Amino acid sequence: MSETTGQNAFRADVLSGKTAIVTGASRGIGAAIAQRLCEAGANVVLCSRSTEAVGQIADTLQGKGYTVLSMAADISERADVDTLIEKTISQFSQIDILVNNAGITRDMLLMRLKDEDWNAVLQTNLTGTMYCTRAVLRPMIRQKGGRIINISSVVGLTGNAGQANYAAAKAGIIGFTKAIAKEVGARGITVNAIAPGFITTDMTAQIPEQNQHQLLELIPLREFGHPEDVADAVCFLASDAARYITGQTLQVDGGMVM
Ligand SMILES: NC(=O)c1ccc[n+]([C@@H]2O[C@H](COP(=O)([O-])OP(=O)(O)OC[C@H]3O[C@@H](n4cnc5c(N)ncnc54)[C@H](OP(=O)(O)O)[C@@H]3O)[C@@H](O)[C@H]2O)c1
């Protein structure tokens with residue numbers, strides 16, 4: 001998690017008094033989202049499968065004076081998700097913002113793709129998003145409002161060779177976002193997706209350097225994104241400034257896909 005020292009429009013307490021859950025908050029984009037939501041004044045619940053890793057991020061945020069709770073939860077397991085929601089409600093009495101960020105890749109050309117790698121990616125990236133979303137709807141409906149932000153990918157819009165499982169899951173998230181936006185709009189709940197392009201994290205560190213150079217040529221802004229770029233978009237969609245936006249997919253990709 002980087003130290004953010006630049007000007008930030010969301011430093012003011014635009015999310016003061018709100019409670020947010022961020023899945024996959026132990027590193028990369030999720031850790032940056034957790035930090036940005038804290039900076040905006042929210043109480044933040046962080047989860048990932050590793051108690052230790054997510055606990056370290058939470059400790060750092062707590063050390064800065066923010067109110068956080070961290071716990072191990074595997075979003076692909078419904079029972080873990082139920083516990084995550086129960087503990088959040090018991091600690092903070094409400095859930096205003098859910099950021100479905102946790103995700104994995106198991107890349108392989110389809111001819112050689114194993115069933116288990118197809119299933120793991122769909123179960124975590126798509127079904128996990130569904131479990132978390134379904135579980136927060138009741139408290140959000142009771143509160144007469146809420147914000148759900150799903151982290152998709154530009155790969156869900158364009159497809160990518162070697163990522164049939166990931167592309168299917170991320171495209172599925174976009175359809176899911178639109179369906180739920182229609183289901184719960186009348187309850188004051190907005191549901192939007194963010195489609196990041198190439199963001200420098202552990203997930204993209206595995207891409208060979210030569211391929212990274214080729215990718216850079218495809219990005220009009222000629223640089224890879226930072227986790228904080230996605231975090232700023234999340235903070236906007238979670239804020240009142242985005243009250244009239246729902247069912248949308250916001251690309252944070254330096255113009256890579258248009
Ligand atoms: N980086 C990019 O360029 C890029 C581009 C487009 C979209 N995205 C999407 O952005 C999101 C974050 O990506 P990232 O680059 O930050 O990835 P990352 O560095 O690999 O981090 C993934 C996070 O998800 C957690 N996680 C994985 N499986 C989980 C599960 N079953 N339950 C709970 N937590 C789980 C991981 O923690 P544990 O391992 O401890 O569980 C970790 O905190 C993902 O949805 C990814 O698909 C990334």
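The model is a predicted one, so local features are taken only at pLDDT of at least 70 and side-chain atom pairs only at pLDDT 80 or more, while totals for chains, interfaces and linings use all residues. Residue numbers start from 1 along each chain as its sequence is written.

Helix α3 is a handy place to start. Helices and strands here are DSSP runs (H or I, at least four residues, for helices; E, at least two, for strands), numbered from the N terminus. Helix α3 covers residues 78-92, and its 15 residues should span 21 Å at 1.5 Å a residue; the end C-alpha atoms sit 21 Å apart, which agrees. The expected span is 1.5 Å times one less than the number of residues in the helix. Burial goes by C-beta atoms placed from the backbone: with 20 or more others within 10 Å a residue is buried, with 12 or fewer it is exposed, and in between it is partly exposed. On that count, the buried residues of α3 are V81, L84, I85 and T88. They take up an arc of only 90° around the axis, so they lie on the same side of α3. That arc is taken over the directions from the helix axis to the C-beta atoms. The other side of α3 has A79, E86 and S90 exposed. As for partners, the buried residues of α3 pack against strands β1 (19-23), β2 (43-48) and β3 (68-72) and against helix α4 (115-143), where contact means C-beta atoms, placed from the backbone, within 7 Å.

S93 is not a glycine, yet its phi is positive, near 70°. Most residues other than glycine have a negative phi. S93 counts as exposed because it has 10 C-beta neighbours inside 10 Å. R222, in the loop between α8 (209-217) and α9, is another non-glycine with a positive phi, about 55°. R222 also has 10 C-beta neighbours inside 10 Å and therefore counts as exposed.

Around the ligand there are 32 residues, and G24, G28, R49, G103 and T201 come nearest. Elements giving two or more residues to this shell are α1 (28-39), β2, α4 and α7 (202-205). By type, the shell splits into 13 nonpolar, 15 polar and four charged residues.

Then there is the largest nonpolar core, with 69 residues, in which A34, L37, L46 and V234 have the most contacts. Its largest share, eight residues, is supplied by helix α9 (residues 227-238). Such a core is a set of buried Ala, Val, Leu, Ile, Met, Phe, Trp, Tyr and Cys residues joined through C-beta atoms within 7 Å. Beyond its neighbours within four places in sequence, L37 is in contact with L15, A20, V22, A42, V44, C235 and A238.

A233 also lies in helix α9, and its 22 C-beta neighbours inside 10 Å make it buried. Residues up to four places away in sequence aside, A233 touches I194, L250 and V252. The C-alpha atoms of A233 and I194 are 7.7 Å apart, although 39 residues separate the two along the chain.

Methods: Two residues are in contact if their C-beta atoms, placed from the backbone, lie within 7 Å. A residue is near a molecule or strand if its C-beta atom, placed from the backbone, lies within 6 Å of it. Ala, Val, Leu, Ile, Met, Phe, Trp, Tyr, Cys and Pro count as nonpolar, Asp, Glu, Lys and Arg as charged, and the others, Gly among them, as polar.
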